Amino acid sequence: MTTLHASALSAPPPPAIPSLTQPLAPEDLANALRGSDYTWDRIDATSLGALPTPKGHRILPSGPAYRALVIDSISAISQAAAEKALAIARRGIPVVIKGGVPSHGTSYRDAGAEDAAVRAAFDAM
């Protein structure tokens with residue numbers, strides 16, 4: 001049997017990144033990331049939907065090798081981008097949604113079906 005001493009249970013948690021622990025406006029999130037050690041970039045929904053399948057818990061492993069996807073305060077996203085976000089999550093890569101979860105598609109062609117597919121992708125995460 002292993003005995004834990006109180007000192008082992010009261011070790012301080014690792015320091016948080018102060019600028020990312022509070023809700024941020026989109027421009028504040030970008031500023032916080034710029035001031036961090038994270039490699040990051042912005043991507044539009046069309047490009048997100050066209051990304052290759054992640055490998056080794058990295059998005060674009062032969063390039064910047066991103067370790068997470070942040071979806072920042074959007075209510076509508078293309079079905080292809082929502083499904084790519086789901087594929088990224090299923091590969092074990094964190095998908096962080098800041099703000100509300102997107103629930104609408106962006107296409108005017110069969111908008112109801114695209115809305116349902118977007119909701120299904122985010123519900124599956």
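Ser73 is partly exposed, with a relative accessible area of 37%. Ser73 sits in the loop that runs between strand 1 (69-72) and helix 4. Its phi is near 50°, which is a positive value in a residue other than glycine. These values come from a predicted model.

Ile74 belongs to the loop between strand 1 and helix 4. Ile74 is partly exposed, at a relative accessible area of 32%. Apart from neighbours within four places in sequence, Ile74 makes contact with Gly100, Val101 and Pro102. Between Ile74 and Ile97 there are 23 residues of separation in sequence, and their C-alpha atoms are 9.1 Å apart in space.

## Overall make-up

The protein has 125 residues, of which 26% count as buried. It contains five helices and two strands. In sequence order these elements follow the pattern α-α-α-β-α-β-α.

Contacts can also be sorted by separation along the chain. Taking contacts between residues at least 6 apart in sequence, 66% join residues that are at least 24 apart.

## Confidence of the prediction

The mean pLDDT of the protein is 79, and 78% of its residues reach 70 or more. Confidence is highest in helix 5, at 96, and lowest in helix 1 (residues 6-9), where the mean is 39. The pLDDT is below 50 over residues 1-21, and this stretch has eight contacts in the model beyond near neighbours in sequence.

## Strand 2 and Lys98

Lys98 is part of strand 2, which covers residues 95-98. Is Lys98 buried or exposed? Its relative accessible area is 18%, so Lys98 is buried, the cut-off for buried being under 20%.

Lys98 can also be placed relative to Asp72. The two residues are 26 residues apart along the chain, while their C-alpha atoms are separated by 4.9 Å.

Asp110 is found in the loop between strand 2 and helix 5. Asp110 is exposed, with a relative accessible area of 54%. Asp110 has a phi near 50°, a positive value in a residue other than glycine. A phi near 50° is also given for Ser73, in the loop between strand 1 and helix 4.

## Helix 4 and helix 5

Helix 4 spans residues 79-90 and helix 5 spans residues 111-123. Their axes come within 9 Å and cross at roughly 15°. Angles under 35 degrees count as roughly parallel, and helix 4 and helix 5 are therefore roughly parallel to each other. The crossing of these two helices is left-handed.

Which residues of helix 4 and helix 5 make the contact? Helix 4 contributes Gln79, Ala82, Glu83 and Leu86, and helix 5 contributes Glu114, Ala117, Val118, Ala121 and Phe122. Sorted by class, the contact has six nonpolar residues, two charged residues and one polar residue.

Conventions. Residues are numbered from 1 along each chain as its sequence is written. This is a predicted model: local features need pLDDT of at least 70, side-chain atom pairs count only at pLDDT 80 or more; totals for chains, interfaces and linings use all residues. Side-chain values use heavy atoms; hydrogens and water are left out. Axes are lines fitted to C-alpha atoms, for helices over the stretch in contact, and angles run from 0 to 180 degrees between N-to-C directions. Helices (H or I, at least four residues) and strands (E, at least two) are DSSP runs, numbered from the N terminus. Angles under 35 degrees count as roughly parallel, over 145 as roughly antiparallel, 65 to 115 as roughly perpendicular and the rest as oblique. A crossing is left-handed if the near helix is turned anticlockwise from the far one by less than a right angle, and right-handed if clockwise. Contact means heavy atoms within 4.5 Å. Ala, Val, Leu, Ile, Met, Phe, Trp, Tyr, Cys and Pro count as nonpolar, Asp, Glu, Lys and Arg as charged, and the others, Gly among them, as polar. Buried means under 20% relative accessible area, exposed over 50%, partly exposed in between (1.4 Å probe, protein chains only). pLDDT is the predictor's confidence in each residue, from 0 to 100.
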